[in-house]
Amino acid sequence: MNRLRELRKEKGLTTTELGEIIGCSNPTITNYERGYRKPDPETLLKLADYFGVSVDYLLGRDEAPGVQMKSAAPNELTATEQELLSIYRSVNPALQELILNVARTAAGNPTDPNSPAGAMALKKQA
């Protein structure tokens with residue numbers, strides 16, 4: 001796991017310090033970095049959360065570090081998701097559409113040109 005070593009060094013941590021942070025020994029971290037051992041899923045999540053990257057990035061399956069999000073149970077919303085949903089539900093349909101378009105844009109998804117907001121956006125661009 002060369003990425004683990006890179007991330008650890010970027011933070012200026014020793015293997016002992018990182019081990020203390022995530023709850024394992026210095027030799028264990030060294031073994032992860034050298035590829036002699038593989039972290040269990042729980043440890044991978046701790047490492048990804050600590051460094052703010054995805055598990056796929058740690059494993060070398062993704063080139064972009066990404067943002068590791070705290071995951072809730074599959075059908076459970078995080079506090080932030082609950083707040084967003086509450087806000088969304090409390091506003092009128094025009095504002096709901098605006099909120100959706102902002103979220104789509106932030107996620108890199110274009111506005112649906114068939115929606116009223118999408119039609120307005122296309123009109124403004126012309």
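This is a predicted model: local features need pLDDT of at least 70, side-chain atom pairs count only at pLDDT 80 or more; totals for chains, interfaces and linings use all residues.
The protein contains eight helices and zero strands. Read from the N terminus, its elements follow the order α-α-α-α-α-α-α-α. The chain comprises 126 residues, of which 24% count as buried. Its accessible surface amounts to about 9,000 Å², and carbon and sulfur atoms contribute 54% of that area. Among contacts in the protein with a separation of 6 or more, 34% are accounted for by residues 24 or more positions apart.

Helix H3 spans residues 26–34. Within this helix, Thr-28, Ile-29 and Thr-30 are buried, as are Tyr-32 and Glu-33. The cover over the buried residues of H3 includes helix H1 (2–10) and helix H2 (15–22), together with helix H4 (41–51). After H3 comes Gly-35, which has a positive phi, near 80°.

Helix H4, which forms part of the cover over the buried residues of H3, also holds Thr-43. The relative accessible area of Thr-43 is 12%, and this residue is therefore classed as buried, the cut-off being under 20%. When neighbours within four places in sequence are set aside, Thr-43 is in contact with Ile-22 and Tyr-32. Of these two partners of Thr-43, Tyr-32 is one of the buried residues of H3.

Technical notes: Residues are numbered from 1 along each chain as its sequence is written. Side-chain values use heavy atoms; hydrogens and water are left out. Buried means under 20% relative accessible area, exposed over 50%, partly exposed in between (1.4 Å probe, protein chains only). Helices (H or I, at least four residues) and strands (E, at least two) are DSSP runs, numbered from the N terminus. Contact means heavy atoms within 4.5 Å. Accessible areas come from the Shrake-Rupley method with a 1.4 Å probe; for residues, only the protein chains shown count as cover.
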